Amino acid sequence: MGDLWAIYILWLRDLKRYWYDKPRILASLGQPLLFLFVLGTALSPSFKGPMNINFSEFIFPGIITMTVLFTSIFSAISIVWDREFGFLKEVLVAPISRWSIVVGKALGGSTVAVIQGCLMLALAPLVGVKLTPLIVVSTVLGMFLIALAVSALGIVIAARMKEMEGFQMVVNFLIMPLFFLSGALFPLDRLPEWLAVLTRLDPLTYGVDLLRGFMLKINAFPMILNFSVIVGFCLVMMAIAVFEFNLAE
Amino acid sequence: MDTIIEVKNLTRKFNAFTAVDSVSFSVKKGEIFGFLGPNGAGKTTTINMLCTLLRPTSGEAFVSCCDVVKEPNRVRSEIGIIFQDPSLDDRLTAEDNLRFHGYLYHLSSRDIDRRVPEVLNLVELYDRRKEFVRKYSGGMKRRLEIARGLLHQPKLLFLDEPTLGLDPQTRVHIWEYILKMRQEHGLSIFMTTHYMQEAEVCDRIAIIDHGKIVDLDSPSALKAKYGETSLEGVFLKVTGREIRQQAGESSWVQWMRRP
């Protein structure tokens, strides 16, 4: 009971911070909007998708994944800020278990990411993607799984990263590759061998495919595979995060 | 049991450097116990081990009869800490910070509604409770931090360099409250300081230098032992060098020492 309470409190903190910081809510939608409307519109004429899907529609699930990816990773990495500004100490000396800190943080970051994702999802009519209640519910669920997996990854990084200096490195060498290789912006069936291999190594690929399956009913992989990879990745990262937090002194 | 802290041969090494070197002492319930020493003597490292933030390399420490390594959560629920460095969430309001703290320490909503205004009034921040902490000055943050450490009415309070950044009025005010809590709830206090005047408040002082306790007694006994009139003189004799400190803080000390 105590642990569930602590998870709720830490989750609440992240949501409060998010709610107070309204400029950030809008600012973080800028980049996905550029991708969706500028890149989407510009490349649409030269794109031949399956079932007459245009490029904007095709990348829409990918852009939502991108929003979720960036929001959850920033949220998880804020642990490094908490360490730098001392707040992490306040949490670490509180009578709560280490794993509840990790889970609370992951859930808080994920919830914020899903809200941001939903703001993007609301643009579906502009892009021409049809939404039904079932599509909305399944997409939100998919977003949440991706968000949780990415948050857990972010916490693992944050547990090792002692200063914000390393942050740019993480973005350039981890987050951007995760995004670019995920097939968010291109179909996976016409790639040269080397690129095809890389995309299949990227866990986010299965997340994008999951959302694409839910929203557009087109898939590169079986849905059960997408689902399993994301859930599996999430569990492994969560376990490592808890382990590292227990280890940290 | 009449001890709140029991420490045996506590040691902490950082690679080759020994920050705390086989330290042993005990603190009685209701006592104000001080660690006096220069910067880098191992004071904060000791506090961090006692409040479960840092694992000892060797040795044992018990807080309220709970092992700090084996039962960290039981230790954590007994203590309150006022850190040397800020540890507030500056993206939340002052009130948010306190309520959040209350929830983390499993206070009921009713207790939180009662205690939050109480401690905010104590540090004279009630009128500014809705402001974001990042808008606060250094001294206000410090006061809020102290309010937070007292919020859940801990049995043992750790004060790491408590007077840093406080004006004399606030300092007197806060000490008054702490001493009241000691009288009413048997609060024990473990504090570190490198201000001699502040050390005078303690019932007993451990003089620590290079990670070792070089002497331990009441301020008056220490002064008598070394034939000195001030703790500064004692420190000088014991460690063979002078401690850095700020002057001009004697008025509140006289207040503290009043019968």
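1. Let's start with the open sheet in chain B. Its four strands lie in the order 2-1-4-5, with antiparallel pairing; strands here are DSSP runs of E with at least two residues, helices are runs of H or I with at least four, both numbered from the N terminus, and two strands pair if DSSP finds at least two bridges between them. Strand 2 (17-28) and strand 5 (66-67) of chain B stand at the edges with a single partner strand each, so one side of each has no neighbour in the sheet. Strand 1 (residues 3-14) and strand 4 (residues 58-63) of chain B are joined by five bridges in the antiparallel sense, and Lys8(B) stands opposite Glu60(B) of strand 4 there.

2. A word on what you are looking at: this is a predicted model, in which local features need pLDDT of at least 70 and side-chain atom pairs count only at pLDDT 80 or more, while totals for chains, interfaces and linings use all residues. Residues are numbered from 1 along each chain as its sequence is written, and chains are lettered from A and ligands numbered from 1 in the order in which they are written.

3. Next, strand 3 (residues 32-36) of chain B.

4. Five bridges join it to strand 8 (residues 188-193) of chain B, where Phe33(B) has Phe190(B) as its bridge partner. Four bridges join strand 3 to strand 9 (residues 204-209) of chain B, and Gly34(B) stands opposite Ile205(B) in strand 9.

5. Phe190(B) turns up again in the contacts of Phe158(B). Beyond its neighbours within four places in sequence, Phe158(B) is in contact with Ile47(B), Leu50(B), Cys51(B), Ile79(B), Ile81(B), Ile82(B) and Phe190(B); contact means C-beta atoms, placed from the backbone, within 7 Å. Phe158(B) is among the residues that touch the most other members of the largest nonpolar core, which has 140 residues; Ala149(A) and Val63(B) are also among them. Such a core is a set of buried Ala, Val, Leu, Ile, Met, Phe, Trp, Tyr and Cys residues joined through C-beta atoms within 7 Å.

6. Where the chains meet, 24 residues of chain B are in contact with 20 residues of chain A. On the chain B side, helix 2 (72-78) and helix 3 (94-104) each supply at least two residues, and helix 3 gives the most, with four. That side divides into twelve nonpolar, five polar and seven charged residues (Ala, Val, Leu, Ile, Met, Phe, Trp, Tyr, Cys and Pro count as nonpolar, Asp, Glu, Lys and Arg as charged, and the others, Gly among them, as polar).

7. Finally, chain A has eleven helices and zero strands. Of its 249 residues, 44% count as buried. Its average pLDDT is 91, and 99% of the residues score at least 70; pLDDT is the predictor's confidence in each residue, from 0 to 100. Among the elements of chain A, helix 8 (residues 167-180) has the lowest mean pLDDT (88) and helix 10 (residues 203-216) the highest (96).

How values were computed. Contact = placed C-beta atoms within 7 Å. Buried ≥ 20, exposed ≤ 12 C-beta atoms within 10 Å, placed from the backbone.
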